[in-house]
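Let's take a walk through this protein together, starting with the whole chain and then stopping at a few local details. Keep the viewer open as you read.

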Amino acid sequence: MSEYKHQDIEKKWQRFWKENQTFKTEFPSNKPKYYVLDMFPYPSGAGLHVGHPLGYIATDIVARYKRLKGYNVLHPMGYDSFGLPAEQYAVQTGQHPAITTENNIARYREQLDNIGFSYDWSREVRTSNPDFYKWTQWIFIKIFNHWYNKESDKAEPIQVLFKKFSENGTKGVKAVCDEDVSTFTAQEWNNFSDEKKHEISLKYRLAYLSNTFVNWCPGLGTVLANEEVKDGVSERGGFPVERKEMAQWSMRITAYAERLLQDLDGLDWSDSIKEQQRYWIGKSKGCMLTFQIAPQPPKGEYSAASSEISGLSDGSSPFGGKGAAGVGGLSVFTTRVDTIYGVTYLTLAPEHELVDKITTPEQKAKVEAYIHYAKNKSELDRQADIKTVTGEFTGAYAINPLNNALIPIWIGEYVLAGYGTGAVMAVPSSDTRDYAFAKHFNLPIINVQEGEKTDITKEDFDPKAGTMINSDFLNGMDVKSALEAMTKRVEELGVGYGKVNFKIRDSIFSRQRYWGEPIPVYFKNGLPYTLDESQLPLELPKIDEYKPTANGEPPLARAKGWVAQEIASPQFFPNSDDSNQKASPQPLSKGEGLSGKASPQPLSKGEGLSKNYSHHTANKEIWQTLKTNARDNRKNPTEFEELMWQNLRNEKLGYKIRRQHPIDNFIADFICVPKRLIIEIDGDIHLSKENIEYDNYRTSLLNNLGYQVLRFSNTEVKENISKVCNKIKEKLDSLPSITTNDASTAPLSFGEGLGVRHQYPLETSTMPGWAGSSWYFLRYMDAKNESEFASKAALDYWQDVDLYLGGSEHATGHLLYSRFWHKFLYDLGYVKTKEYAKKLINQGMISSYSYFVDSYKGIIWQDGNGTELALLANGVSFISSVNRKDQEVIVNGQKLSNCYFKKRIRIPIEYIENNVVHKEKLEEFIKNDPLFDSYNINIDFNNVVYEKDNSGREFVSTHSEVEKMSKSKYNVVNPDDIVSKYGADTLRMYEMFLGPLELSKPWSTSSISGVSRFLRNVWKMFYDENGKFLVTDETPNDKELKALHKTIKKVEEDIERFSFNTSVSTFMVCVNELSDLKCHKRAILSDFLIILAPYAPHIAEELWEALGNKNGISYSTFPKHDEKYLIESSFEYPISINGKVRHKMNFPANMDLKQLENEALSTPEIIKWLEGKTPKKVIVVPNKIVNVVL
RNA sequence: GCGGCUGUGGCGAAAUUGGCAGACGCACUAGACUUAGGAUCUAGCGGGCAACCAUGGGGGUUCAAGUCCCUCCAGCCGCACCA
């Protein structure tokens, strides 16, 4: 091959890698492991632009490098394929999001393949694939079935909690749980019904359902997590978000707050991300204080410092347990308990539950008005004007627990309901917000600190400066000791205790959306239960439309038969401490499973129960028998049954009723399936005590299966059939219909061997976007495993991610939740590492140049407000800057100045050549672009100014701005175009060459030619222009070896510290040097190709093959540099006088320093600079520099 | 307001531990080859005629500072009444 034909070469080797499965990861393996991971992409419809592959190229270089270094490399890719855009598209078009997603993934894959990545595609994961989300649901179930024990500081099975409850009640249980849990004794607990126990447990589980204020986004029809809301609008789509109270699933991430914070220290992540997480977790050490509410508001003026309630000044504890009007104390969290003598008022959040109780009648109207005002203020508004001070006095007073001072209680929106206790003790002398509030409402201010920087009105105010004053026993202390002393004192007094508070909130886990993982939960009597693991995956149902239902339920509520079959016994039987053990099936007792007269043989214990079927399930053989028996029964009805049938059949009562139908191990006489009603006619023998007992037992079993049972005796049927029918009808009317896939047969469709069970409605919300991404990195370790999320062997071997690369926008979302889930799995013993990603790099964004041309002409005038308006040929538009060229004109009788003005017109980047747009291109753009009208309203291209270049070609000058790459900005550069024009290797190297990985930088296609030329120069070392192969077997000389070995050394160092841009420069220098040396020697070029291969794998493979190698370059060995080739025999010393380089001299590298100094000082050039003075000092740094100080 | 990051030629940048600032590349200029050039090759390329001046500004430490310290400024990102 004579020319460097990148298209052919790249396709060839991409095919080679695919056919040879070159990058399939070995497992098991004796090699050391290296796991390098990209944050997987959401496959958007727009496809990749050149910014996306930046990180992928970097990780690919590392992966290929590590393979050459002998590592077993895990380098996978997949898709975060659940998400809003596909669903929004589905809502609009009705196309199933799976189809949209599939198409988008296909396009992504094509684009990725073009760039020659070395992913092991056999491990691809997609979060929307049931094989994958089965395990996301599985983890959810695990989370649901665990609680957080603060004593052991880890998650433990809920059964352990149950055991504690049954032994000691709530006493001694230290759990992370809801605020409103009640206490009970072991005896009380043991007397609770199972359902009650379950209900209580919901307040302890790590996944729980609760009514919370959520970020409701009507535009998207879903709730959003805090980090999905930016500036009061949704991060995706920018729709307004409001506070709304809804029942929602949450994850108790707060339980892990401390560990999430602590373990950040050991992570090699950027400071920025770690800081953001620290801030988000928001740990603050402080003190929880209780202020009693004063019994009666005092008349007249009060003075915060001195007013004491009469009779209480003896210092005795005045208010016992309860304060005024039966209201308990008011809890306040403060980080500055040392300033308690400076408290002059308390402020509650308007939503605070005590507000209602303590507000005095006189203040009620005002307070209510204020609450109304605060409530109706949207989040956005609240954030927008934080400067405005608002609030209202409740009329109530609290008592300072330290000095019994009376302090008024206010409400104010500056206090957040969600933080701390929703109440603050205000110290206007030490807190700027409190100060602003106090100033605004004329509340007293007591200084409790003195000294420098303690004046709150001054710029340099430092809240922790100075020493304490006006603070009793604290006086004279600094803030730190005062804090300690006061914390101790309040604990002694029993009015408070030291407490650590976290800002982080439990994360809302439900989304009212279709395109997400269904939450594997059903509801029985209003309480949530998880599905049995054997029922996973709970697949997304088909639905007719992807919108919420008419009454606002999530889209899944549209699904027919969105019900669960309960197959495990309820999870609240703590049979064992092993959380993983399923509740054991309850065997059928003797005689059960029999119906009517022609009964099959009774089943004995365990008999007929296949291991795979739950205890309510008959196996196929029994089912066949039941079916046969039922058919016989139908053929030979008793007279009573026949009479009944004639009255029930053909929907005579308004409901379809079947007769002689198998239900699990029974045959029911009559059944109305959608109503779950069974009607039995019992013969007279049923009057015996034993039979009644048995009937009752059977009824209860059927009840457990979800059926109601009506029993009539033969006599009742015979004597008053209409009464019987009325009773049945009444019952049917009262029962809710249970919809199923096919109400006529579903519960009876027994073909799979599954019996009829009670069906319960399933949860209709789905999981949030971050669910799948919180653990996908583990799935890659064993992506095809059907029985576990990953095998122990794989988890033990791969351990964690060695290098994780992705955008910093996930700082408090994915990167926090995934750490949380990983710690949870760590607690359960599934993973061995506390953190899953040792090293994280956030690649910078690649921005782009947007190009504009100016069009001039129009009329400008000022409106009444002095705003300048421009009148265009076809309309009026506001412009901010004008270039005037005054000319007077008359418009509507008014004298106006006729100005030329500048209007920016966006020109798509593909029409730009060397920063100008040629006339024919501009015309083509106007003609071709369908979006032209919508993007460039009011544009008159006749007014652009054309210039001519040397060849007479007309063009228009443009100016450019660096902006985010986006479709709407007309500045997107598609990697496919770059690959087809310059090749994937050029793209890869150029992306790296742009600059440091972490920094944002603008893309400039014109600069790519340098890298392109470089690769052609590499080619030229192997082939001349006639295609003659130039490589020789000559022995390399020292210069060539030096050029090679310093490159090996530098490239290796660069990759190890992720400095890819400098490697590219190094390669260029090396090729320049070898070209100057006219080096075509195999020994040199062969090693050069190996070190180049991670960056430019295609050309490296091609030339490697040309050198006669058969096996591909990917698993060759990275050469080791040899220092002996790098040693210089001499060094050219810069000789500087007083730090300024004046001369250069060559000395042997190992020369004696004193001798060197002497020689340097005796050189004429230096003597000239010495001007006869004796140097004060001469510094000689070996092989660096000589500095003469005069 | 708070936190993090970043400021070096016309542009992207390099200088890893303080030791010749601007490597490497783009753009540009001149020349060569050529019917042609969006090809290739050669040379030049921070500013200044020069002494010198230059790493956002100012100050400091040091024989020596882009690099360390203080201070101010600008840009980007994140958070934002967190008690």
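What follows goes from the overall fold to helix packing, and then to some individual residues and peptide bonds.

Please keep in mind that this is a predicted model. Chain A contains 35 helices and 44 strands. Of its 1190 residues, 53% count as buried. If you look at contacts in chain A with a separation of 6 or more, 72% of them come from residues 24 or more positions apart.

Now to the helices, and to how pairs of them meet. Two packed helices are described by the angle between their axes and the distance between the axes. On the side of helix 28, the contact is made by D985, T986, M989, Y990 and F993, while helix 29 brings V1011, S1012, F1014 and L1015. Sorted by class, this contact has 6 nonpolar, 2 polar and 1 charged residues.

A second pair joins parts of the chain with quite separate numbering. Helix 4, residues 97-114, and helix 27, residues 975-982, have axes that come within 10 Å and cross at roughly 35°. Here the crossing is left-handed. Helix 4 takes part through R107, Q111 and N114, and helix 27 through P975, D976 and V979. The classes in this contact are 2 nonpolar, 2 polar and 2 charged residues.

Next, find helix 17, which spans residues 639-648 and has F640, E641, M644, W645 and L648 as its buried residues. Where do these residues lie around the axis of helix 17? They lie on the same side of the helix, because they cover an arc of only 135° around the axis. After helix 17 comes N650, whose phi is positive, near 55°.

Most residues other than glycine have a negative phi, and most peptide bonds are trans. N442 has a phi near 60° and is found in the loop between helix 14 (432-441) and strand 17 (449-450). With a relative accessible area of 72%, N442 is exposed. N1183 has a phi near 55° and sits in the loop between strand 43 (1177-1181) and strand 44 (1185-1189). Its relative accessible area is 32%, so N1183 is partly exposed.

The bond from F27 to P28 is cis, with omega near -5°, and P28 is in the loop between helix 1 (6-19) and strand 1 (33-38). The bond from L536 to P537 is also cis, with omega near 0°. You will find P537 in the loop between strand 22 (527-530) and strand 23 (563-565).

Our last stop is F955, in strand 38, residues 954-957. Is F955 buried or exposed? It is buried, because its relative accessible area is 13%, under the 20% cut-off.

Definitions and conventions. Residues are numbered from 1 along each chain as its sequence is written. Chains are lettered from A and ligands numbered from 1 in the order in which they are written. This is a predicted model: local features need pLDDT of at least 70, side-chain atom pairs count only at pLDDT 80 or more; totals for chains, interfaces and linings use all residues. Side-chain values use heavy atoms; hydrogens and water are left out. Buried means under 20% relative accessible area, exposed over 50%, partly exposed in between (1.4 Å probe, protein chains only). Helices (H or I, at least four residues) and strands (E, at least two) are DSSP runs, numbered from the N terminus. The arc is that of the directions from the helix axis to the C-beta atoms. Contact means heavy atoms within 4.5 Å. Ala, Val, Leu, Ile, Met, Phe, Trp, Tyr, Cys and Pro count as nonpolar, Asp, Glu, Lys and Arg as charged, and the others, Gly among them, as polar. Axes are lines fitted to C-alpha atoms, for helices over the stretch in contact, and angles run from 0 to 180 degrees between N-to-C directions. A crossing is left-handed if the near helix is turned anticlockwise from the far one by less than a right angle, and right-handed if clockwise.
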